[in-house]
2 protein chains.
Amino acid sequence: MLAEIITIGDEILIGQIVDTNSAWMAQKLNEEGIRVKQISSVSDDRQHILTALAEAASRADIIFITGGLGPTKDDITKQTLAEYFNVKLVLNDDALNNVLNIFERYNRPLLEVNRKQAEVPENCEIILNNNGTAPGMWFNVDGKIYVSMPGVPFEMKYMMEETVIPKLKATLKLPVIIHKTILTVGEGESFLAEKIADIENELPANIKLAYLPKMGQVRLRLSAYSDGETSLNDKLEEFASRIVERVGHNVVAQEDIPLEKVIQNYMTDKGLTLSVAESCTGGYVSHLITQHEGSSQFFLGGAVTYSNDLKENTLGVKNETLYQFGAVSQETVTEMVEGALRQFKSDYALAITGIAGPGGGTHEKPVGTVWIAVANANKTVVKKFTFGNKRLQNIERSAVAAFFMLITLLK
Amino acid sequence: MLAEIITIGDEILIGQIVDTNSAWMAQKLNEEGIRVKQISSVSDDRQHILTALAEAASRADIIFITGGLGPTKDDITKQTLAEYFNVKLVLNDDALNNVLNIFERYNRPLLEVNRKQAEVPENCEIILNNNGTAPGMWFNVDGKIYVSMPGVPFEMKYMMEETVIPKLKATLKLPVIIHKTILTVGEGESFLAEKIADIENELPANIKLAYLPKMGQVRLRLSAYSDGETSLNDKLEEFASRIVERVGHNVVAQEDIPLEKVIQNYMTDKGLTLSVAESCTGGYVSHLITQHEGSSQFFLGGAVTYSNDLKENTLGVKNETLYQFGAVSQETVTEMVEGALRQFKSDYALAITGIAGPGGGTHEKPVGTVWIAVANANKTVVKKFTFGNKRLQNIERSAVAAFFMLITLLK
């Protein structure tokens, strides 16, 4: 089953926004056995949209369209879809009620342009938008499915998960695909590939292994394509077990979850608490943790000690230590992590201090030098890392390294 | 002058990586007056690449191609370009020297696959790759320019900046496009559109206005297309001024930068410092601030006080206050912001406490209830917000609201 994604809007074409929607959609579709043939970003231009729709329909079975559904003049997706299908726009009552409810909830006056958002091509089923005023649209024309959704990521994601994917499953005869993901940290793709080469060679034709590397982590994803065979799941699990055993301590989870969620699940289970002391990561570690529901059950909080004063006042790092060894040093990070344990009264703590860059590096401590510590009441583990010269990457890699150190200490 | 971008490679189509290259290229090209007509992501498939090249060439004058230049079997861009132009692959001496130098520098044995990287279609000029082994290629065929570059972002960016853009400027007579962005916070797209409808109607044909909404913010972007008219910039500025005046205090910047950067620029300029006390945003506000180079000049740090204990110990929030009014209350947020000012000794502070959800809501304080405070030594401003029921959105919207309150207090 082939799909294409068309994103409509000048924002992507002038580079003002990065198209993250398409990657997210492609991932979800792949999990359901739908392959994305092409992703096209086109402008808010009638003729261009018409051409893109026709080209996509000539290659794929399902065409996803995002963007161009706002209330302003430059948004012309709906009119253009109506023209493409040669139908009229009609007011949809459910969509109108949704718009009315939203304006009532926020106590704002309803403008004519907002009312117009409830108009849709007459040959579509609408997909209710729980998070905004523009309805999604589902078309089934000449054996092809077209799905038009807003470009706002959370509106699109909600529609995909709640309505579109269940509806695709119900409408189409999709193959059954079972995935099993093994999350590894700390070893590169080619090293892992060499380590498990013989296991990979033994995989049957209907089980495939993909290496999905990302910032210090590699996900090993086994996908089994079933034609109703019931033993396939057992076979998948058997291969997964062999890989897990072979890869050893670099395996941190046997499901497709982010690293911080591995920590949350483990610590919540055991009733343990965590606090953090962040310098160069500047709140990123805390943010990763707290973006997940339920994190307050194990995460007490922490300090973002960007200045030396805060390192002293909040964490009790000694002035002499900062003076003698500097803020980016084994001594400082040790006092930071032990200060966090003491001040925040958590069972475990992690601390990070480094030079994120691009400025601030010296010959002895170049940009990318990062010290990380993890500790509990009995043990403190400290490690030095030398990452690259890109600020955001240094922040991300520091977070990944800290989580891996914490998981290792926990287990 | 129209361009198209074709990215080649399965990683994008299975959603493993987000295509950030295209947005970067589009931005650079726009600055030079080259409009990107379409961005297409296609697979490592010969026929698919050939079709994409022909379609792009039928619409645009310049075709940029990234990806598919690696040494492995699945990388077929070069062979396919040779087929497309009906020419042979030949060994290029400059490209070969570059490969040899790189292998010598890293002291690695040269394999046959690496030597092959110096083979290019005979009708191209090569673009030297200072950061890798795959050369870029420049073709000028039948009045169209084709530029093929590696997909590795820093290799591509270097080629674009050092060679491709200068060469385009020297080769083509490029038009001039000027953009002017007005960043607004706190009003919706349709409200703004109504407010400036008459100004928008007066825009001449060569100045366009786009509304770019994003999480509580709307960017108003004016784009002027010049054919050498020198007064166009004045006209653009005049319309921008009228819009800024009309929209009023919701305008926070007259350039295209993130909110936290508006704060950084202003506070660094005035030599002011900031600290934060975050509860429900869990480090996100600190992270937004510290992702930018130079943030340590004004940002001292802060506390992520997820637990009540931390609110008391780190910020000095009174136990009675928490007990009597709860952690999500006007009283608590006031003590948090004043505690941050006192403990962290900053000129300004902001504090956020709320129920991010999806759990933890009550009838009186439903999920999405957020209290935000901003303060300096003389003034504390507190506001209550009622956002929705999505955790990540509540976190993002809280951050945007807090930044807007801080900007308002600063100015």
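Guide: Buried means under 20% relative accessible area, and exposed means over 50%. The model discussed here is predicted.

Visitor: Which word applies to Arg59(A) and Glu4(A), buried or exposed?

Guide: Both Arg59(A) and Glu4(A) are buried, so each has a relative accessible area under 20%.

Visitor: What makes the contact of Arg59(A) and Glu4(A) a salt bridge?

Guide: Their side chains meet at 2.6 Å, N to O. The cut-off is within 4 Å, so the pair counts as a salt bridge. Arg59(A) is in helix H3 and Glu4(A) in strand S1 of chain A, 55 residues apart. The two are also linked with Glu55(B) in a network of salt bridges.

Visitor: How do you know that Lys169(B) and Glu32(B) form a salt bridge?

Guide: The closest N and O atoms are 3.6 Å apart, and the limit is 4 Å, so the pair qualifies. Lys169(B) lies in helix H7 and Glu32(B) in the loop between helix H2 and strand S2 of chain B, so the pair ties together parts 137 residues apart in sequence.

Visitor: Why is Glu32(B) called partly exposed?

Guide: Glu32(B) has 21% relative accessibility. Buried requires under 20% and exposed over 50%, so Glu32(B) falls in between. Lys169(B), with 47%, is partly exposed as well.

Visitor: What makes Arg219(B) buried?

Guide: Arg219(B) has a relative accessible area of 9%, and the cut-off is under 20%, so Arg219(B) counts as buried. Its salt bridge partner is Asp256(B), the closest N and O atoms being 2.7 Å apart. Asp256(B), at 41% relative accessibility, counts as partly exposed.

Visitor: Why is Asn86(A) called exposed?

Guide: Asn86(A) has 70% relative accessibility. Exposed means over 50%, so the word applies to Asn86(A). Asn86(A) is in the loop between helix H4 and strand S4 of chain A.

Visitor: How do you know that strand S9 and S12(B) pair?

Guide: Pairing needs at least two bridges. Strand S9 of chain B and S12(B) have two bridges, in the antiparallel sense, so they pair. Thr184(B) stands opposite Val251(B) in S12(B).

Visitor: What makes S10 and S12 of chain B edge strands?

Guide: In the open sheet of four strands, the order is S10-S11-S9-S12. Strands S10 and S12 each pair on one side only.

Visitor: How many salt bridges are there between chain A and chain B?

Guide: The count is two. Glu55(A) and Arg59(B) meet in a salt bridge at 3.4 Å, N to O; the limit is 4 Å, so this pair qualifies.

Definitions and conventions
Residues are numbered from 1 along each chain as its sequence is written. Chains are lettered from A and ligands numbered from 1 in the order in which they are written. This is a predicted model: local features need pLDDT of at least 70, side-chain atom pairs count only at pLDDT 80 or more; totals for chains, interfaces and linings use all residues. Side-chain values use heavy atoms; hydrogens and water are left out. Buried means under 20% relative accessible area, exposed over 50%, partly exposed in between (1.4 Å probe, protein chains only).
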